[in-house]
Amino acid sequence: MVYTDIQTLKGLSQPVDYGSGIEYAGGLIQEFEGSALQIGLWLSGTQGCQDIVEGKLDHQIQTLVQFLHQTKAVQVFLRVGYEFD
């Protein structure tokens, strides 16, 4: 399980520590070949959702799609807007 946000996508291709331990999807895929990957994608609150609607995060969305296409995980479970209120 890896957590990231739509604005920065930290923790996918490079490790990041939000204070609860290292998040690094690329590292998990390398360490556990042949496994599935679960990604919790935070939409960065109301402002992040508005930025998506306005097209301001199109580049980040394309980067995420590219990461998903290139991953060697056998399956990816993408939890969009986890803990969404």
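Which helix gives the most to the lining of the largest pocket? That would be helix 3, with four residues. Before going further, keep in mind that this is a predicted model.

**The largest pocket**

- The volume of the largest pocket comes out at about 310 Å³.
- Its lining is made up of 15 residues. If you want to find the middle of the pocket, look for G26, I29, F67, Q70 and T71, which lie nearest its centre.
- Helix 1 and helix 3 each bring at least two residues to that lining.

- You'll find T71 in the loop between helix 3 and strand 5, which covers 76-80.
- T71 counts as buried because its relative accessibility is 16%, and the cut-off for buried is under 20%.
- The T71 side chain reaches over to the backbone nitrogen of A73, at 3.2 Å.
- Setting aside neighbours within four places in sequence, T71 is in contact with I29 and V76. I29 is also among the residues nearest the centre of the largest pocket.

**The largest nonpolar core**

- As a bit of background, nonpolar side chains in soluble globular proteins tend to be buried together.
- Here, the largest nonpolar core has 14 residues. Those with the most contacts inside it are L12, A25, L37, L41 and F67.
- Strand 4 gives the most to the core, with three residues.

- A25 is found in helix 1.
- Is A25 buried or exposed? A25 is buried, because its relative accessibility is 0%.
- Leave out residues up to four places away in sequence, and A25 touches V2, G11, L12, L37 and F67.
- A25 and F67 are 42 residues apart in sequence, while their C-alpha atoms are 9.9 Å apart in space.

**Salt bridges**

- How many salt bridges does the structure hold? There are two.
- One of them joins the side chains of D51 and K56, at 3.9 Å from N to O.
- K56 also forms a salt bridge with E54, and here the closest N and O atoms are 3.0 Å apart.
- Put together, D51, E54 and K56 are linked in a network of salt bridges.
- The three residues fall into separate accessibility classes. D51 is buried because its relative accessibility is 10%. E54 counts as partly exposed, at 43%. K56 is exposed, with a relative accessible area of 54%.

**Two backbone angles to look at**

- L9 is not a glycine, yet L9 has a positive phi of about 55°. L9 is in the loop between strand 1 (2-5) and strand 2 (16-17), and it is buried, with a relative accessible area of 9%.
- S44 is another residue other than glycine with a positive phi, near 65°. S44 has its place in the loop between strand 4 and helix 2, which covers 45-53.
- Why does S44 count as buried? S44 is buried because its relative accessible area is 10%, and buried means under 20%.
- Neighbours within four places in sequence aside, S44 is in contact with D5, I6 and Q7.

Notes. Residues numbered from 1 in each chain as written. Predicted model: local features only at pLDDT ≥ 70, side-chain atom pairs only at ≥ 80, totals over all residues. Heavy atoms only, no water. Core = buried A, V, L, I, M, F, W, Y, C linked by side-chain atoms within 4.5 Å. Buried < 20%, exposed > 50% of the residue type's maximum accessible area, 1.4 Å probe, protein only. Contact = heavy atoms within 4.5 Å. Polar contact = N/O pair within 3.5 Å; in protein donor to acceptor, adjacent residues only side chain to side chain. Salt bridge = Lys/Arg side-chain N within 4 Å of Asp/Glu carboxyl O. 1 Å grid on protein atoms, 1.4 Å probe; cavity = no way out; pocket = protein on both sides within 12 Å on 5 of 7 lines; lining within 4 Å. Points joined across faces, edges and corners; volume = space filled by probe spheres on them.
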